[in-house]
Amino acid sequence: MAIIACPACGEDEALEGTRSDAHTLDVECTACGAAWQRHTDRRCALCGSTDLKYTPRDVLERSRGNQHTPTGRIDAWACYSCGGRDVTGPHPEAGDPADLLGGDLREGWARHR
Ligand SMILES: [Zn+2]
Ligand SMILES: [Zn+2]
């Protein structure tokens, strides 16, 4: 995580961030009242590339019987350069770049599990 500081007064602790979308953060300095937006870079944790593909994953929860009910969705990004999966998440997985170029990565993922 990059260190951010207030562009007006240099404060780097009394900052409040509100995520307004997947990669924009509204930051407010509570020391001087300055507010600005920060664009958070998505970057592959494995190779550092920013050439990523959005690959959201449905979260399935086992309910009664063998039914799987989608309960939510996790934002995940795959990397075109090295084929890594969930490369902005806490547990990136190495993969094959060819998997991203054809077909649906989410299907590939489902088969994988
Ligand atoms: Zn400030
Ligand atoms: Zn990569």
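How many residues lie between S2 and S3 in their hairpin, and which residue in the turn has a positive phi? Five residues lie between S2 and S3, and Gly33 in the turn has a positive phi of about 90°.

This is a predicted model, in which local features need pLDDT of at least 70 and side-chain atom pairs count only at pLDDT 80 or more, while totals for chains, interfaces and linings use all residues. Residues are numbered from 1 along each chain as its sequence is written, and chains are lettered from A and ligands numbered from 1 in the order in which they are written.

**Overall make-up**

- The chain has seven strands and two helices, where helices (H or I, at least four residues) and strands (E, at least two) are DSSP runs numbered from the N terminus.
- Read from the N terminus, the order of elements is β-β-β-β-β-β-β-α-α.

**Burial and contacts**

- Of the 113 residues in the chain, 16% are buried, that is, 20 or more other C-beta atoms, placed from the backbone, lie within 10 Å of the residue's own.
- Of the contacts between residues at least 6 apart in sequence, 32% join residues at least 24 apart; a contact has C-beta atoms, placed from the backbone, within 7 Å.

**Strands S1 and S2**

- S1 (residues 15–21) pairs with S2 (residues 24–29) in the antiparallel sense over six bridges; pairing needs at least two bridges found by DSSP.
- Opposite Thr18 stands Asp26 in S2.
- Two residues make the hairpin link from S1 to S2.

**Strands S2 and S3**

- S2 also pairs in the antiparallel sense with S3 (residues 35–39), over five bridges.
- Glu28 has Ala35 in S3 as its bridge partner.

Conventions. Buried ≥ 20, exposed ≤ 12 C-beta atoms within 10 Å, placed from the backbone. Contact = placed C-beta atoms within 7 Å.
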